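Open the model in your viewer and keep the selection tool ready. The tour goes stop by stop.

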Amino acid sequence: GTGTKYYTLGFNNDKGGYAIRNKYFKGCLGNQYYTAFLNAPEEHLLIFEGFFDYLSYLELFPNITATNSIILNSKENFKSSIPIIKDFETIEYWGDADTAGTKLLKDIKEVASKVIDQRPLYFGCKDLNEFLQKK
């Protein structure tokens with residue numbers, strides 16, 4: 001018979017898996033892991049919790065052509081990302097504006113020397129993606 005078709009967006013991670021999102025589902029296919037884009041020369045790393053926030057950043061700042069960024073895809077992937085985070089002098093945190101996001105920021109500050117909390121830029125929104133949608 002004819003069933004309902006659902007579509008989803010998949011974002012690959014550094015272990016060959018995919019973070020998958022749509023209106024009804026948030027999960028992972030294959031291995032759950034972070035996604036890292038390490039292609040800028042400076043000692044500066046941007047941290048995002050999810051790929052929609054990363055894509056929102058790219059939309060909001062189109063003139064920034066190269067960044068070192070890590071998308072955790074899940075807060076549980078933070079510990080495995082620590083070796084990358086430690087390699088950078090300055091960290092920008094673009095996480096969720098909630099209790100779990102604040103705890104993650106605290107954890108990042110324990111392993112990084114200089115951390116810039118960017119969440120005040122989207123105060124009143126739960127994350128950068130919601131800020132972009134309201135803009």
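Which residues of helix 1 are buried? Select F51, D53, Y54, S56, Y57 and L60: these are the buried residues of helix 1. Bear in mind that this is a predicted model.

**Stop 1: around helix 1**

An α-helix has 3.6 residues a turn, so residues three or four places apart point the same way.

**Stop 2: the whole chain**

Zoom out and colour by secondary structure. The protein has 4 helices and 8 strands. Read along the sequence, the order is β-β-β-β-β-α-β-α-β-α-β-α.

Now the overall dimensions. The C-alpha trace spans about 60 × 35 × 30 Å along its principal axes. The radius of gyration is 15 Å; a compact globule with 135 residues would have one near 14 Å, so the value agrees.

The protein exposes about 8200 Å². Carbon and sulfur atoms supply 53% of that area. Of the 135 residues, 44% count as buried. Among contacts with a separation of 6 or more, 59% are between residues 24 or more positions apart.

**Stop 3**

Select residues 9–12 and 18–21. These are strand 1 and strand 2, which run antiparallel and are joined by 4 bridges. Find F11 in the pairing: A19 in strand 2 stands opposite F11.

While the strands are on screen, look at where the side chains go. In a regular strand the side chains alternate between the two faces of the sheet.

**Stop 4: the aromatic cluster**

Show the aromatic rings. The structure holds 14 aromatic pairs. Start with F48 and W94. Their ring centres are 6.3 Å apart and their planes are at 20°, so the pair is stacked. F48 lies in strand 5 (residues 44–48), while W94 lies in the loop between strand 7 (90–93) and helix 3 (99–111), so the pair ties together parts that are 46 residues apart in sequence. Both F48 and W94 are buried.

F61 has 33% relative accessibility, so F61 counts as partly exposed.

Now widen the selection. Ring pairs link F11, F37, F48, F51, F52, Y54, Y57, F61, W94 and Y122 into a cluster. F51, Y54 and Y57 are among the buried residues of helix 1.

**Stop 5: a charge over a ring**

Select K15 and Y33. The charged end of K15 sits over the ring of Y33, 4.7 Å from the ring centre.

**Stop 6: I70 in strand 6**

Select I70, which lies in strand 6. At 0% relative accessibility, I70 counts as buried. What is in contact with I70, leaving aside neighbours within four places in sequence? The list is Y34, T35, A36, L45, L46, I47, F48, S81 and I84. One of these, F48, is the stacking partner of W94. Next, draw a distance from I70 to L38. Their C-alpha atoms are separated by 8.0 Å, and the two residues are 32 apart along the chain.

**Stop 7: N73**

Finish at N73, in the loop between strand 6 and helix 2 (78–86). Check its backbone: phi is near 65°, a positive value in a residue other than glycine. N73 counts as buried, at 9% relative accessibility.

Key: Residues are numbered from 1 along each chain as its sequence is written. This is a predicted model: local features need pLDDT of at least 70, side-chain atom pairs count only at pLDDT 80 or more; totals for chains, interfaces and linings use all residues. Side-chain values use heavy atoms; hydrogens and water are left out. Two strands pair if DSSP finds at least two bridges between them. Helices (H or I, at least four residues) and strands (E, at least two) are DSSP runs, numbered from the N terminus. Rings of Phe, Tyr and Trp (its six-membered ring) pair if their centres lie within 6.5 Å; planes under 30 degrees apart count as stacked, over 60 as edge-to-face and the rest as tilted. Buried means under 20% relative accessible area, exposed over 50%, partly exposed in between (1.4 Å probe, protein chains only). A charge sits over a ring if NZ of Lys or CZ of Arg is within 6 Å of the ring centre and within 35 degrees of the ring normal. The radius of gyration is taken over C-alpha atoms; the globule rule is 2.2 Å times the number of residues to the power 0.38. Contact means heavy atoms within 4.5 Å. Accessible areas come from the Shrake-Rupley method with a 1.4 Å probe; for residues, only the protein chains shown count as cover.
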